[in-house]
Amino acid sequence: MHNYSVIVFDLGNVLIPFDYSPTKEFLNNKKEGLGDIFFQTYKNNYNIHQDFEKGLLSSEEFLSIMMKWTENKVTGKEFCEVFSNIFTKNDDVIALLPILKQEYKLVLLSNTNEIHKEYGYGNYDFLTHFDKLILSHEVGAIKPEKEIYHAVEKYTQKPASEHLFIDDVKEYAEGAINCGWDAINFIGYENLVNDLKKRNII
C-alpha cells in the first residue's frame with residue numbers, strides 16, 4: 001500500500017520530447033553523410049554517452065571526442081547548440097505540475113548531461129515547480145542504477161514506498177519499483193491522468 005508524499009518525474013520524453021533529426025540534418029549539410037556516420041558512431045560507442053551522463057567525462061573531454069566524430073566540421077559551441085536543439089515541451093504534462101505541487105513534493109530525476117542542461121532545457125520555466133532536480137551527471141549514477149533512486153530518497157528523507165516515479169522507459173520505471181517505489185510507465189498524457197486518478201492523486 002502506497003501513501004504518496006513525493007512524485008518524481010523523468011524529463012526526456014515525459015516533460016520534454018526530444019528528436020535528434022535536426023542535429024543529423026545539420027551535420028549532413030556540413031558534409032554529405034556526416035550526420036548518419038556520426039549517429040552510427042555515437043550508437044556504437046554508447047558508453048561514451050553514459051560516461052558523460054554519469055559525470056565521468058567532463059564537457060571538455062566529451063567535446064574533444066565529438067570533434068573527432070564530426071571530423072572537426074563544427075566548432076565546439078556549434079556542436080553544443082545543435083546537440084541540444086532537440087527539445088520541445090509537452091504542455092499537457094507540464095500543466096499537471098502546479099496542481100500536483102499543491103499536495104506533493106516534486107522531484108525531477110533525469111539521465112542527462114551538462115551540455116543539454118546549459119544549451120537545451122536549463123532555462124525552461126516549468127523547472128521552478130520542482131523542489132529538487134536530481135541529475136545523473138551531478139550525482140554520478142544513471143537510471144536504472146539503484147544509487148540514483150537513493151539520491152532522491154536522501155533528499156526527500158521519505159520512505160521508499162511514498163515515492164511515485166513517472167518515466168517513459170520501462171526499465172527505469174522497474175528500477176524504481178525494485179527500490180520499493182511505485183512507478184508509472186509513461187506512454188502519453190491520457191494514460192498518465194488515468195494512472196494518477198487510479199491512485200487518487202488527482
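Does Asn200 count as buried or exposed? With a relative accessibility of 67%, Asn200 counts as exposed (buried means under 20% relative accessible area, exposed over 50% and partly exposed in between, with a 1.4 Å probe and protein chains only). The residue belongs to the segment after α12, where helices (H or I, at least four residues) and strands (E, at least two) are DSSP runs numbered from the N terminus. Asn200 has a positive phi of about 60°, although it is not a glycine. The model is predicted: local features need pLDDT of at least 70, side-chain atom pairs count only at pLDDT 80 or more, and totals for chains, interfaces and linings use all residues. Residues are numbered from 1 along each chain as its sequence is written, and side-chain values use heavy atoms, with hydrogens and water left out.

Most residues other than glycine have a negative phi, and most peptide bonds are trans. Glu71, in the loop between α4 and α5, has a phi near 55°, a positive value in a residue other than glycine. Its relative accessible area of 35% makes Glu71 partly exposed. Pro144 is located in the loop between α9 (136–139) and α10 (146–156). Lys143 and Pro144 are joined by a cis peptide bond, with omega about 5°.

**View C. The largest nonpolar core around Phe9, Leu15 and Phe126.**
This core holds 29 residues, and Phe9, Leu15 and Phe126 touch the most other members (a nonpolar core is a set of buried Ala, Val, Leu, Ile, Met, Phe, Trp, Tyr and Cys residues joined through side-chain atoms within 4.5 Å). Two or more residues come from each of β1 (6–9), α6 (91–94), α7 (96–101), β2 (105–110), β4 (163–167) and α12 (189–198). The most is given by α7, with 3 residues. Not counting residues up to four places away in sequence, Leu15 touches Phe9, Asp10, Thr88, Lys89, Asn90, Val93, Ile94, Leu97, Leu108, Phe126 and Phe130 (contact means heavy atoms within 4.5 Å). Another core, of 19 residues, lies apart from it, with Leu34, Tyr42, Phe79 and Ile115 among its members.

**View D. Helix α2 and its packing partners.**
Leu34, Gly35, Phe38, Phe39 and Tyr42 are buried in α2. Viewed down the axis of α2, the buried residues fall within an arc of 125°, so they line one face of the helix (the arc is that of the directions from the helix axis to the C-beta atoms). Lys43 and Asn44 are exposed on the other side of α2. The buried residues of α2 pack against α1 (21–30), α3, α4 and α5. From helix α1, Leu27, buried at 0% relative accessibility, is in contact with Leu34, Gly35, Phe38, Thr70 and Val74, leaving aside its neighbours within four places in sequence. The C-alpha atoms of Leu27 and His163 are 136 residues apart along the chain and separated by 41 Å.

**View E. Buried residues of α5 and α8.**
In α5, Phe79, Cys80, Val82, Phe83 and Ser84 are buried, and their cover includes α1, α2, α4 and α8. In α8, the buried residues are Ile115, His116 and Tyr121. These cover an arc of only 135° around the axis, which puts them on the same side of α8. They pack against α3, α4 (59–69), α5 (76–84) and β3 (132–135).

**View F. Ile48 in helix α3.**
Ile48 has a relative accessible area of 16% and is buried. Not counting residues up to four places away in sequence, Ile48 touches Leu57, Phe62, Ile65, Met66 and Trp69. Its C-alpha atom is separated by 20 Å from that of Val169, 121 residues apart along the chain.

**View G. The largest pocket and its lining.**
About 610 Å³ of space lies in the largest pocket (on a 1 Å grid over the protein atoms alone, an open set of points where a 1.4 Å probe fits, with protein on both sides within 12 Å along at least five of seven lines; lining residues have an atom within 4 Å of a point). Its volume is the space filled by probe spheres set on grid points joined across faces, edges and corners. The lining comprises 28 residues, of which Phe18, Tyr46, His49, Glu53 and Asn111 lie nearest the centre of the pocket. At least two lining residues come from each of α2 (34–44), α3 (46–53), α8 (114–121) and α11 (170–178), and α3 gives the most, with 4 residues. The lining divides into 14 nonpolar, 8 polar and 6 charged residues (Ala, Val, Leu, Ile, Met, Phe, Trp, Tyr, Cys and Pro count as nonpolar, Asp, Glu, Lys and Arg as charged, and the others, Gly among them, as polar).
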